[in-house]
Amino acid sequence: MRLVPWQPEDLLRRLDDVVSVYGEAMGYRSELLQTRRGYIGAHARRRGFRAVATLTTEGSLAGFGYGYRSGPGQWWHDQVRSALDEDDRRHWLTDCFEVVELHVRPAAQGHGVGARQLRALLAMADGRTVLLSTPEADEERSRAWRLYRRFGFVDVLRDFLFPGDERAFAILGRELPLAERPVNARRDAG
Ligand SMILES: CC(C)(COP(=O)(O)OP(=O)(O)OC[C@H]1O[C@@H](n2cnc3c(N)ncnc32)[C@H](O)[C@@H]1OP(=O)(O)O)[C@@H](O)C(=O)NCCC(=O)NCCS
């Protein structure tokens, strides 16, 4: 497995693979994936876009992650902003990188790929804070939650409902940069 930084063009060139990894990782149906495909293509053009990919030795896509600078006028940013008080807005949203997607194909999960992708993405990210949203789940049993907690993400909002989605999400955040050698690190964690 090889971790590589991606330019917007790299992601756009491999959009089919990206959508396939995303669909497998999240277990989403194909109708929903088509809508997502359009969003992902548009995200690659946003300010401060950063992406990483994990390729197998044969060059197939095992995982990817990307994000960009979070700002007013973006749907996600505006939803989160509206739920925060003034102090939290200032702290979390003034100079913020959003991790938008982070996925690993199920067959490749559990070998540190997700942790390496997150570490690399945050090392390239521009911002004083990083935010992400993840579906509410049992923290002990969810791999995503364990990963984010290991990286030092704290609760910013819990049980948050985005319009049009009945699932509850948590908004998690931490300050940047990541420590070079974190005290509580486990393997690739931060
Ligand atoms: C969440 C996700 C990105 C994590 O990626 P991953 O590659 O499975 O995660 P990692 O392998 O880095 O970490 C998983 C485990 O492997 C362990 N691990 C880390 N480095 C390792 C290594 N070098 N060798 C073996 N195991 C390792 C970790 O300790 C971790 O253990 P834990 O789950 O008991 O805490 C991935 O599981 C995924 O795509 N899930 C579905 C989609 C999803 O939930 N995405 C996030 C939505 S916001």
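Notes on the source. The model is predicted, so I keep to pLDDT of at least 70 for local features and 80 or more for side-chain atom pairs, while totals for chains, interfaces and linings use all residues. Residues are numbered from 1 along each chain as its sequence is written, and side-chain values use heavy atoms, with hydrogens and water left out.

Ligand site. I find 23 residues around the ligand, the closest being V104, G112, G114, R146 and R150 (near means a heavy atom within 4 Å). R150 puts a polar side-chain atom 2.8 Å from a ligand oxygen. At A115, a polar backbone atom is 2.9 Å from an oxygen atom of the ligand.

Helices α6 and α7. Next I checked α6 (residues 113–124) against α7 (residues 143–150): the angle is about 45° and the axes are 11 Å apart. Helices here are DSSP runs of H or I with at least four residues, strands are E runs of at least two, and both are numbered from the N terminus. Axes are lines fitted to C-alpha atoms, for helices over the stretch in contact, with angles from 0 to 180 degrees between N-to-C directions. The pair is therefore oblique (under 35 degrees is roughly parallel, over 145 roughly antiparallel, 65 to 115 roughly perpendicular, the rest oblique). G114, A115 and L118 of α6 meet L147, Y148 and R150 of α7, contact meaning heavy atoms within 4.5 Å.

Helices α2 and α3. I then turned to α2 (residues 15–26) and α3 (residues 30–43), which pack at about 125° with axes 10 Å apart. That makes α2 oblique to α3. On the α2 side I list L15, D16, V18, V19, Y22 and G23; they meet L33, R36, R37, I40 and G41 in α3.

Which way does the peptide bond from L176 to P177 go, cis or trans? I see cis, with omega near 0°, and P177 sits in the segment after β7 (169–175). I place D159 in strand β6 (residues 154–160).

How values were computed. Polar contact = N/O pair within 3.5 Å; in protein donor to acceptor, adjacent residues only side chain to side chain.
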